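Colleague: Please take a close look at a single part of this model for me. Walk me through the side chains there, and tell me how far the reading can be taken.

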Amino acid sequence: MASNPFQSFENGFTPWDCFDPFSSSPQSPKPVGSSSGSDKSNQAGQNPDNSNSNSGSDDPNPQASLIDERKRRRMVSNRESARRSRMRKQKHVENLRNQVNRLRIENRELTNRLRFVLYHSHGVRTDYDRLRSEYSTLRKKLSDIRQILMMRQLQELTSAWPCNNMITTTTTTEQIAPSLITS
């Protein structure tokens, strides 16, 4: 008896007895179903091992047809997902267009308001400059009037002094400086 370097499991089973990765006929375990929600026909009592129980000889490879069915369902699911994605994108683009239109209208309104304010601001500035000039002119006139009034009051006070009366009576005897006499 030849010694086997690989120890066998219970009942003489070795891992390579059930699966040969290089064989032409796949003996893999049952394929795992997708969780996309489109496997309703599989869950409705259909067994993947005996999908055609009445015609076992019609389909030579039931696993290939099962894989084809899954590919077909996956394609349908992908198409539906792509359609939903396109619809979401189209809705998003439409929302962006509406937002652009609203913002353009708002921008136009703000531009018009700015022009209105600038126009009135220019008018107010012109009025302010005119009033400032008028204020300066009136202030100068008021200053001149105050000076004239002060001069008149000073003349009245100087003419009411008693010494001024003596000076006028004695003008022949004394010399009066012309700068002190004001008329």
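Modeller: One term first: a residue is buried under 20% relative accessible area, exposed over 50%, and partly exposed in between. Keep in mind that this is a predicted model.

I will take helix α2, which covers residues 62-159. Confidence in the chain is highest there, with a mean pLDDT of 94. Helix α1, residues 40-43, has the lowest mean, 44. The whole chain averages 74, and 55% of its residues score at least 70.

Now the setting. The chain has three helices and zero strands. Its elements run α-α-α from the N terminus. Helix α2 itself has 98 residues. From first C-alpha to last, α2 reaches 141 Å. That is close to the 146 Å expected at 1.5 Å a residue.

Next, burial. Of the 183 residues in the chain, 4% are buried. In α2, the residues Leu66, Arg70 and Arg73 are buried.

The whole structure holds eight of them. Start with Arg84 and Glu80, whose side chains meet at 3.9 Å, N to O. The cut-off is 4 Å, so this pair counts as a salt bridge. Why are Arg84 and Glu80 separated by about one helical turn? Because they sit four residues apart in helix α2. How accessible is Glu80? Glu80 has 31% relative accessibility. That value falls between 20% and 50%, so Glu80 counts as partly exposed. Arg84, at 41%, is also partly exposed.

Move along to Glu94 and Arg97. Their closest N and O atoms are 3.8 Å apart, and the pair forms a salt bridge. The spacing here is three residues, about one turn of helix α2. The two ends fall into separate classes. Glu94 is partly exposed at 39%. Arg97 has 51% relative accessibility, which is over 50%, so Arg97 counts as exposed.

Then come Asp129 and Arg125. Their side chains meet in a salt bridge, with N and O 3.9 Å apart. Both lie in helix α2, four residues apart, again about one turn. Asp129 has a relative accessible area of 40%, so Asp129 is partly exposed.

Finally, the limits. Over residues 31-57, pLDDT is below 50. The model gives that stretch 18 contacts beyond near neighbours in sequence. Over residues 169-183, pLDDT is likewise below 50. Here the model has six contacts beyond near neighbours in sequence. Where pLDDT is low, predicted coordinates should not be read in detail.

One number for the whole chain, to close. Its accessible surface is about 17100 Å², and carbon and sulfur atoms account for 56% of that. For side-chain reading, I would keep to helix α2, where the mean pLDDT is 94.

Note on methods
Residues are numbered from 1 along each chain as its sequence is written. This is a predicted model: local features need pLDDT of at least 70, side-chain atom pairs count only at pLDDT 80 or more; totals for chains, interfaces and linings use all residues. Side-chain values use heavy atoms; hydrogens and water are left out. Helices (H or I, at least four residues) and strands (E, at least two) are DSSP runs, numbered from the N terminus. Buried means under 20% relative accessible area, exposed over 50%, partly exposed in between (1.4 Å probe, protein chains only). Accessible areas come from the Shrake-Rupley method with a 1.4 Å probe; for residues, only the protein chains shown count as cover. pLDDT is the predictor's confidence in each residue, from 0 to 100. Contact means heavy atoms within 4.5 Å. The expected span of a helix is 1.5 Å times one less than its number of residues.
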